[in-house]
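Hi everyone, thanks for coming. Let me put the model on the screen and walk you through a few parts of it.

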Amino acid sequence: MQDCIFCKILRKEIPAQIVFEDDRTFAIRDVNPQAPTHILVMPKKHVASLHDCSSEESMLGHVLCIARNLAEHEGLHKTGYRVVLNTGAGAGQSVFHIHFHLLGGRPMKWPPG
Ligand code: 5GP
Ligand code: ZN
């Protein structure tokens with residue numbers, strides 16, 4: 001997608017701290033972190049949101065497993081971590097290329113605002 005920020009990062013047109021990459025997935029540090037660790041994990045394939053997924057079970061499962069592995073790598077499993085998937089503007093989604101937020105390193109409140 002030409003105008004998508006995350007596709008531009010993937011094409012190296014915008015700089016970002018890439019913390020993981022494989023053939024179908026990549027992960028970057030959030031530019032405006034909401035926790036000591038705040039990583040965005042996403043597929044390389046441009047899909048706008050969870051609600052635009054139809055037969056993407058394997059991709060979603062893979063991205064979630066990468067989030068789990070990054071949490072382990074960052075040591076977040078010791079105190080707990082949160083994985084968030086905002087879907088739609090009303091739920092706080094601002095970049096319409098599906099991504100999981102991996103947040104950790106501080107206590108988390110529930111319910112989220
Ligand atoms: P959303 O609001 O769509 O769930 O999450 C989008 C996230 O992308 C936000 O947390 C925001 O800080 C992050 N973000 C937006 N633009 C950039 C960017 O250019 N680089 C990086 N690394 N993160 C970005
Ligand atoms: Zn994109």
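Let's begin with ligand 1: 16 residues surround it, and the closest are Arg29, Asp30, Gly92, Ser94 and His101. Here a residue is near a molecule if one of its heavy atoms lies within 4 Å of it. Before I go on, this is a predicted model, where local features need pLDDT of at least 70, side-chain atom pairs count only at pLDDT 80 or more, and totals for chains, interfaces and linings use all residues. Residues are numbered from 1 along each chain as its sequence is written, chains are lettered from A and ligands numbered from 1 in the order in which they are written, and side-chain values use heavy atoms, with hydrogens and water left out.

A polar side-chain atom of His101 is 2.8 Å from a ligand 1 oxygen, and for the side chain of Asn86 the distance is 2.9 Å. On its own, ligand 1 exposes 520 Å², and the protein buries 83% of that; these areas come from the Shrake-Rupley method with a 1.4 Å probe.

Strands are DSSP runs of at least two residues, and helices of at least four, numbered from the N terminus. Buried means under 20% relative accessible area, exposed over 50%, and partly exposed in between, with a 1.4 Å probe and protein chains only. His101 and Leu103 point one way from E5, while Phe100, Leu102 and Gly104 point the other way.

What does E5 pair with? Strands pair if DSSP finds at least two bridges between them. E3 runs antiparallel to E5 over 5 bridges, with Leu40 opposite His101. E4 (residues 81–84) is also antiparallel to E5, over 4 bridges, and there Arg82 faces Leu103.

Finally, the zinc ion, ligand 2. Cys4 (SG), Cys7 (SG), His46 (ND1) and His97 (ND1) coordinate the zinc at 2.1 to 2.3 Å. Donors are N, O and S atoms within 2.8 Å of the metal, or 3.2 Å for Na, K and Ca. Cys7 sits in helix H1 and His46 in the loop between E3 and helix H2, 39 residues apart. Cys7 is buried at 6% relative accessible area, whereas His46 is partly exposed at 25%.

Notes
Polar contact = N/O pair within 3.5 Å; in protein donor to acceptor, adjacent residues only side chain to side chain.
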